[in-house]
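Subject: Structure handover

Hello,

Here is the structure for you to look through. My notes follow below it.

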Amino acid sequence: MASSMNDVHQPFLDFESINELETVLLDTSLPLWNRLRQATWIEMKLLFSLAAPAVMVYMINYLMSMSTQIFSGHLGNLELAAASLGNTGIQFFAYGLMLGMGSAVETLCGQAYGAGKYAMLGVYLQRSTILLVVTGVLLTLVYVFCKPILIFLGQSPEIASAAALFVYGLIPQIFAYAVNFPIQKFLQAQSIVAPSAYISAVTLVLHLVISWVAAYKIELGLLGVSLVLSLSWWMIVIGQFVYILKSNKCKKTWNGFSWSAFSGLPEFFKLSAASAVMLCLESWYFQIIVLLAGLLENPELALDSLSICMTICGWAFMISVGFNAATSVRVSNELGAGHPKSAAFSVIVVTTCSFIISVIFSILVLALRNVISYAFTGGEVVAEAVSDLCPLLALTLALNGIQPVLSGVAVGCGWQTFVAYVNVGCYYIVGVPLGSLLGFYFKLGAKGIWLGMMGGTVMQTVILIWVTIRTDWNKEVEGAQGRLNKWEDKNEPILIE
């Protein structure tokens with residue numbers, strides 16, 4: 001089936017199959033300005049139809065975890081500390097690892113869909129789910145033994161015991177991640193994002209109601225609210241899978257369960273592992289910055305001011321992550337379809353739009369620098385510390401308009417291994433040592449640590465900009481075609497009866 005579809009869909013050889021955007025970009029009869037104007041309008045429609053729902057999905061996921069933490073906090077101070085520790089110390093680790101491994105599906109499904117090899121999307125989805133479930137089994141051991149792990153890391157036995165209770169309720173969530181992220185990337189590759197947003201929105205409402213009942217009416221405590229969070233993630237998974245089964249949009253890409261999903265797993269694991277390393281190195285980087293702040297002379301003030309700035313940065317980052325998802329879909333689709341000009345043009349438009357939005361947020365932060373902290377705390381000392389950090393926060397927000405988009409380009413092109421090496425060098429060889437030097441040796445405190453963090457991020461961004469500018473998009477198209485031919489099954493997928 002896959003091979004027959006490929007015979008029909010040969011976009012790189014058949015000019016008539018080139019999409020509207022590529023047609024406009026190749027039409028030299030039009031004046032350059034008209035070509036750019038028409039192409040930009042086409043790309044903007046494609047971009048925002050992907051980015052807007054993606055932002056909504058990530059925002060809702062963020063809100064679900066935050067609301068669970070809030071419900072836990074109303075149970076008591078110990079419960080709040082336990083939920084915070086469980087979320088940031090254990091659950092965040094699993095989230096980053098699973099989301100990163102799921103990005104391999106983003107590359108392969110996006111390029112396969114652009115090339116018209118629709119049957120392979122379902123096979124890629126199943127291969128990724130198998131690998132993530134196996135990874136989930138291994139992660140379960142971390143969850144089960146999280147109490148001695150937290151005590152070994154210096155946490156008090158009382159908080160570690162409460163955090164362990166919270167984490168036990170999140171064990172089912174691990175396997176929801178294992179199914180959700182491949183499904184999410186499978187749908188995104190087909191530009192199907194809005195249904196996930198609607199399903200997540202409905203789930204958020206149910207999550208808030210059930211959490212309230214579990215916490216205050218049934219009084220199930222920490223274990224109850226964390227089990228509700230796991231249940232909510234499974235509701236999202238089930239909702240999305242039902243959509244795949246029932247929607248006409250997935251008829252060509254989902255042909256049922258296939259034994260082909262169990263073939264080529266070692267090679268698939270290599271790309272998944274590179275994707276996981278790329279994302280985890282980035283997410284852990286920001287956690288290390290917070291840990292360093294806790295070692296300063298005035299750790300409470302440093303942690304308070306940094307946590308406020310990080311929270312603001314986290315909300316704005318959800319928008320950048322939405323553009324990241326849109327970029328990877330646009331680039332992988334165009335490369336798979338054999339459209340080098342469209343892929344290059346998409347990168348320019350997405351980066352420009354994301355950067356403009358981020359600059360607007362940066363200006364807003366600077367304008368509110370003296371009052372922005374009062375949304376979190378009434379302390380004047382903390383307000384002054386946050387105001388002092390706001391210029392760096394504004395610059396970080398501006399950088400976030402570029403860096404995540406270029407990471408999306410890397411995923412769309414399949415550069416995960418290269419970016420993983422870049423992240424090691426920029427973040428851990430430059431950023432962390434520089435932040436430690438400025439923060440501790442030069443006595444710049446939280447500002448010095450943040451400057452070091454920015455140094456690593458700026459270096460990474462410059463490298464990615466340089467690589468993207470020098471990219472030969474015709475070669476990327478050839479690489480995508482070669483990757484698809486390598487992964488494509490030559491025979492009809494064998495369905496499981």
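Start with glutamate 219. Its relative accessibility is 63%, so glutamate 219 counts as exposed (exposed means over 50% relative accessible area, buried under 20%, and partly exposed in between, with a 1.4 Å probe and protein chains only). Glutamate 219 sits in the loop between α9 and α10 (221-246). Its phi is near 55°, a positive value in a residue other than glycine. Helices here are DSSP runs of H or I with at least four residues, strands are runs of E with at least two, and both are numbered from the N terminus.

Before going on, two points on the model. This is a predicted model: local features need pLDDT of at least 70, side-chain atom pairs count only at pLDDT 80 or more, and totals for chains, interfaces and linings use all residues. Residues are numbered from 1 along each chain as its sequence is written, and side-chain values use heavy atoms, with hydrogens and water left out.

Serine 191 also has a positive phi, near 60°, and is likewise a residue other than glycine. Look for serine 191 in the loop between α8 and α9. It is partly exposed, because its relative accessibility is 40%.

Glutamine 188 belongs to helix α8 (residues 171-189). Glutamine 188 is buried, because its relative accessible area is 5%. What is glutamine 188 in contact with, leaving aside its neighbours within four places in sequence? The list is Leu50, Tyr58, Glu106, Val193, Ala325 and Val329. Contact means heavy atoms within 4.5 Å.

Now the aromatic rings. Rings of Phe, Tyr and Trp (its six-membered ring) pair if their centres lie within 6.5 Å; planes under 30 degrees apart are stacked, over 60 edge-to-face, and the rest tilted. That rule gives 13 aromatic pairs. One joins phenylalanine 71 and tyrosine 216: the pair is tilted, because the ring centres are 6.0 Å apart and the planes are at 55°. This pair links distant parts of the chain, 145 residues apart. Phenylalanine 71 is in helix α3 (residues 32-73), and tyrosine 216 is in helix α9 (residues 194-217). Phenylalanine 71 is buried, at 12% relative accessible area. Tyrosine 216 is partly exposed, at 30% relative accessibility.

Tyrosine 441 and phenylalanine 442 make another pair. Their ring centres are 5.1 Å apart and their planes are at 85°, so this pair is edge-to-face. Tyrosine 441 is exposed at 62% relative accessibility, and phenylalanine 442 is partly exposed at 48%. There is also an aromatic cluster, formed by Tyr95, Tyr177, Phe181 and Trp233.

Last, the cavities. A cavity is a set of points, on a 1 Å grid over the protein atoms alone, where a 1.4 Å probe fits but cannot get out; lining residues have an atom within 4 Å of a point. Points are joined across faces, edges and corners, and a volume is the space filled by probe spheres set on them. The structure holds 3 cavities of 30 Å³ or more.

Which residues line the largest cavity? They are Ala316, Phe317, Ile319, Ser320, Ile357, Ser358, Phe361, Leu397 and Asn400. Helices α12 (299-337) and α13 (340-367) each supply at least two residues of that lining. α12 gives the most, with 4 residues. By class, the lining has 6 nonpolar, 3 polar and no charged residues (Ala, Val, Leu, Ile, Met, Phe, Trp, Tyr, Cys and Pro count as nonpolar, Asp, Glu, Lys and Arg as charged, and the others, Gly among them, as polar).

Best wishes

Methods: 1 Å grid on protein atoms, 1.4 Å probe; cavity = no way out; pocket = protein on both sides within 12 Å on 5 of 7 lines; lining within 4 Å.
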